[in-house]
Amino acid sequence: MVSAKPGNAATVSAGTAGAWDDTAFRWDEAQTELTGAPDGSLNIGSICADRQVALGRGGNVAVRWLGRRLERRDVTYGELAEQSGRFARVLADLGLQPGETVAVLLGRVPELFSAALGIWKAGGVYCPLFAAFGPGPIKARLELGKAAILVTSDELYARKVAASRSGLPQLRQVLLVGESGSAGDGCAVLRDLLDAAQPMAAAATAPEAPAFLHFTSGTTGTPKGVLHPHRAVLAHLVTGRKVFGLSESDVFWCTADPGWVTSTSYGIIAPLTCGATLIADEAELDPRRWYGILHDEKVTAWYTTPTAIRTMMRYGAALARSYRENALRVAASVGEPLNAEAVMWGQKALGVPFLDTWWQTETGAITIANGPGTGRRPGSMGRPLPGVDVSIMRCEGGAAKPVDGAEAVGELAIRTCWPSMFSGALGEETRYGDSFREGWYFTGDLVKRDKDGFIWFVGRADDMIKCGGLQIGPFEVESSLMDHPAVAEIGVVGKPDMLVREVPVAFISVNPGFEAGDALRAELLSYARQELGASMAPREIHFVEELPKTNSGKIMRRVLKAKAVGEPDSGDILNTLPPCPGRYDDE
Ligand code: 6R9
């Protein structure tokens, strides 16, 4: 592991709650608000629960958990403070040392929250894993992250970890969540330990002390462990307020899987730091259920993914209209480019602004967004948050230079003073250093900026299609074809070609009411040529039932590329969308 690059406490700008302006905002002031001092120790676990109790909010609901059969369990801030204190004590009694990793392999269960906060309070590093991963990827991540303790369920342990346990010598203990209590060798039943533990006060962790570790979503293959320090919470407080306008009167629902950084930053830290009530739904994406939750739980701010909104589009506007009465103020999405059509549909269906936000595991918190103060431009990622210094760069002859002129495409780079920027990378030490050049962090995303400063996603640098002299951004082709009513979802990749190096080919799932076949293929090809020109239009169209996705909902272009050349897939195929019974009735 390499050491942290300090995020300096330079003056950055932010504004009043729920809006952005250029009023100077200082991270030391944010820290004073959270801990009572401009510097010194800062512990996310205690900020998320104990601080709210100290502010007199101990009786407010921190977590509202909804089980698969919509059974409800409320956990107040007071209860969360106590439970996480007990959890920390259990970890300390097991000999957890500051900075050691505790992996968490759980679905969205109530224990997830006391575990995360308890790990922070004990000075450990919270490392959530996707429960959908198979035994191989789980073992690889436990090894890479040097997990000393694993928190999981009896069932996940038996299916996904037990067989590799003997090959994981550094994993000292497994804590099993659940009632069955069937602890095997080297496992303990968490409930028994918690019942016997006295709550422990949070460790006085330095702002730079490591707090959470995620492995970036494997769209490109090898996992990379991305480490964040406790000071990241400053960015969660600010973005929770600026982007979502969160306060203690909000009910915030972030639909992300616990294994994804979005769940840690916005499914746990941001809402609890702002004193809101968070919704944790155990079930998977199901539009009918989701509209019901938005309505019944009086959700005021909703954070989801383009996949979710596109699935809701497939179910149609009539269903959305039947839930039109809701308490929502704002909805937003992250993880993949959100085409303008989906933004407009979302706004119409939900009756509130629908904001695209951009960030990465590495940036730890929202960095670019459409938002209340800066205006919105559907189809764009938005503008950098106040205080986030971005540049669009091109590397020539080893040197990085900003690209000239509006609309010029380059790699998005961020000046590294944002407090939630990652502090280290596990696995490949050089990768951390390689991401930085002359004080800029290079994101690997290609973008362009319009004359008003809105940033438009073009594609991952490694997904660009090199066709003759042309660099084709897959997203541009995808969003153009998304405008055709037959297209439900689309992924465009480059297929090797003898003459021009690569040609764009498209994988498309069609909306209900359209028949995937030669006639539709011909129509879509001619539509694309007309919209994009012959050089950018896909040369082939393949119809698929579903596009392969990562657990965070990203299209796995690596898998599509293998398909395009007829290779069998070797990667982890994860979530698939639920079957769609509805009709596309938005015409
Ligand atoms: C939070 C998260 C990061 C990558 C990022 C980019 C893509 C995220 C996006 C977006 C276009 C958006 N991405 N948000 N692309 N528009 N609004 O997603 O983290 O899993 O690390 O993925 O996702 O390519 O570089 P992570």
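Modeller: Lysine 298 counts as exposed because its relative accessibility is 55%; exposed means over 50% relative accessible area, buried under 20%, and partly exposed in between, with a 1.4 Å probe and protein chains only. The model is predicted, so local features need pLDDT of at least 70 and side-chain atom pairs count only at pLDDT 80 or more, while totals for chains, interfaces and linings use all residues. Residues are numbered from 1 along each chain as its sequence is written, and side-chain values use heavy atoms, with hydrogens and water left out.

Lysine 298 is not a glycine, yet has a positive phi of about 50°. Most residues other than glycine have a negative phi. Lysine 298 is placed in the loop between helix 11 and strand 14; helices (H or I, at least four residues) and strands (E, at least two) are DSSP runs, numbered from the N terminus.

Both of these flanking elements also meet helix 14: the buried residues of helix 14 pack against partners including helix 11 (287–296) and strand 14 (301–304), where contact means heavy atoms within 4.5 Å. Helix 14 spans residues 340–350, and its buried residues are Ala342, Val343, Trp345, Gly346, Gln347, Ala349 and Leu350. Further partners of these buried residues include helix 12 (306–315), helix 13 (317–321), strand 15 (330–333) and strand 16 (354–358). Just after helix 14, glycine 351 adopts a positive phi of about 75°.

Arginine 501, in strand 29 (residues 501–510), is likewise not a glycine and has a positive phi of about 80°. Its relative accessible area is 56%, so arginine 501 is exposed.
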